Amino acid sequence: MTNETVNRIPLDDLLVFHRLARSLTESFDLDAILRTILEHMERFIDAELWTLLMLDRGTDELYYALAAGGEEAALRDLRVKVGEGVAGWVAQHGETLIVPEALDDPRLHTPHSARLRKVRSVIALPLRARKGTHGVIEILNPRAGQLTDYTIAFLHILADHAAIAIENAHDVARIQQLTITDDTTGLFNVRHLYDILGRELERGMVSGHPTSLAFIDLDQFKMVNDVHGHLIGSELLARAGQRLQDLSRKQDFCFRYGGDEFVIMMPSTSAYAAMEQATTLHRALQSTRFRMKTGLDLTVSASVGLSTAPQDATTLHAIIGAADTRMYAVKSNGRGHVRGI
């Protein structure tokens, strides 16, 4: 922004900048931040459609996180490849792109453009901060006369503030995830188990729905470390944990309890249903062959104890203790089985 532009900023617009910066720094909730960005765009510039696309780094595609102007439903499932169309070009180059109405730019014509109203002109800005481009703001068919230096300068300020807020939200989310995640397996840790299970037991007391728990201990796992070394042991532990996650139902939660012990929490699951699910999971786990990075093939055996609230216990430590006791009963009677009531 030039000094001339700064000197011409009315007080009302400076207040808008102030409110924008304050709104974006008051929250680390990504959805709230994105909605704040869209709201300020709608207030400042008159256009037919405003969209905010976020970058999915796993697929190198942009997805429509938010849209205003009546097109949200049409855009919800669309994906834009980086480099494709206006938004893809902006994400790839990290530069603002302005296509006036008089210019027939081939980037306006993409495979998904048929799902939108006719695009005659566009302003697209990258949401770029220290760690790269996080997304793109698109303003489609802005009202004639709005493509001024002043408008573009304001949009750049909005995009810069927004990118910093988005990056901060991502950093906070990563930190929060680290506090509830086990380093070795990537599963939830015991701290998160206590939090989730405590809340689920409270909910069950009100709703009357049962909650079941499977306490899983890998049999004679110390031998893996003794025979093959701790690197192989850690890799097998991680692979077994991921296998438990894959075998669990979508509504269930999988935790590493500690050492070679795991817990699976099954909300709204009776003792009978938990026995069926745990038996199926246990059978599949024990029949899995794990190929290590060294080429070594290994299998695991496990002993499983089950408990169900409220019939076995109603408090957090008591319900875990009941499942743990039954798991040790399996250990004392030959290992490699599932025990419920």
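**β12 and β13.** I started with the pairing of β12 and β13, which is parallel and runs over two bridges. This is a predicted model, so I read everything below as computed. Looking across from glycine 305, I found arginine 339 of β13 opposite.

**The sheet around them.** Next I traced the strand order and got β8-β9-β7-β12-β13, an open sheet of five strands with mixed pairing. Which strands stand at the edges? I noted β8 and β13: each has a single partner strand, so one side of each has no neighbour in the sheet.

**Helix α10.** I then moved to α10, residues 271-286. From first C-alpha to last, its 16 residues reach 22 Å, close to the 22 Å expected at 1.5 Å a residue. I listed the buried residues of α10 as Ala271, Ala274, Gln277, Ala278, Leu281, His282, Ala284 and Leu285. Why do I put them on the same side of α10? Because they cover an arc of only 165° around the axis. On the face turned away from that buried side I found the exposed residues Tyr272 and Arg283.

What do the buried residues of α10 pack against? I wrote down β7, β9 and β12, plus β10 (290-291), β13 (338-339) and helix α9 (230-247). I checked β7, β9, β12 and β13 against the strand order, and they belong to the five-stranded open sheet.

**Aromatic pairs.** I counted two aromatic pairs. One is phenylalanine 188 with phenylalanine 255: the centres are 5.8 Å apart, the planes make 40°, and the pair is tilted. Phenylalanine 188 sits in the loop between α6 (149-179) and α7 (190-207), while phenylalanine 255 is in β8 (residues 253-258), so this pair ties together parts 67 residues apart in sequence.

Phenylalanine 215 lies in β7 (residues 211-218) and tyrosine 257 in β8, so the pair ties together parts that are 42 residues apart in sequence. I noted phenylalanine 215 as buried at 1% and tyrosine 257 as partly exposed at 26%.

Where is the cis peptide bond I noted? I found it from alanine 309 to proline 310, with omega near 10°. Proline 310 belongs to the loop between β12 and α11 (316-331).

I also flagged a positive phi, near 50°, at glutamine 220, a residue other than glycine. Glutamine 220 is in the loop between β7 and α8 (222-228) and is partly exposed at 47% relative accessibility. Serine 268 has a positive phi near 50° too, again in a residue other than glycine. I placed serine 268 in the loop between β9 and α10, and it is partly exposed at 42%.

**Whole chain.** Last, I stepped back to the totals. The chain has 11 helices and 13 strands, and 49% of its 341 residues count as buried. Among contacts with a separation of 6 or more, 63% join residues 24 or more positions apart. I put down about 17300 Å² for the accessible surface, with 52% of it belonging to carbon and sulfur atoms.

Conventions
Residues are numbered from 1 along each chain as its sequence is written. This is a predicted model: local features need pLDDT of at least 70, side-chain atom pairs count only at pLDDT 80 or more; totals for chains, interfaces and linings use all residues. Side-chain values use heavy atoms; hydrogens and water are left out. Helices (H or I, at least four residues) and strands (E, at least two) are DSSP runs, numbered from the N terminus. Buried means under 20% relative accessible area, exposed over 50%, partly exposed in between (1.4 Å probe, protein chains only). Contact means heavy atoms within 4.5 Å. Accessible areas come from the Shrake-Rupley method with a 1.4 Å probe; for residues, only the protein chains shown count as cover. Rings of Phe, Tyr and Trp (its six-membered ring) pair if their centres lie within 6.5 Å; planes under 30 degrees apart count as stacked, over 60 as edge-to-face and the rest as tilted. The expected span of a helix is 1.5 Å times one less than its number of residues. The arc is that of the directions from the helix axis to the C-beta atoms. Two strands pair if DSSP finds at least two bridges between them.
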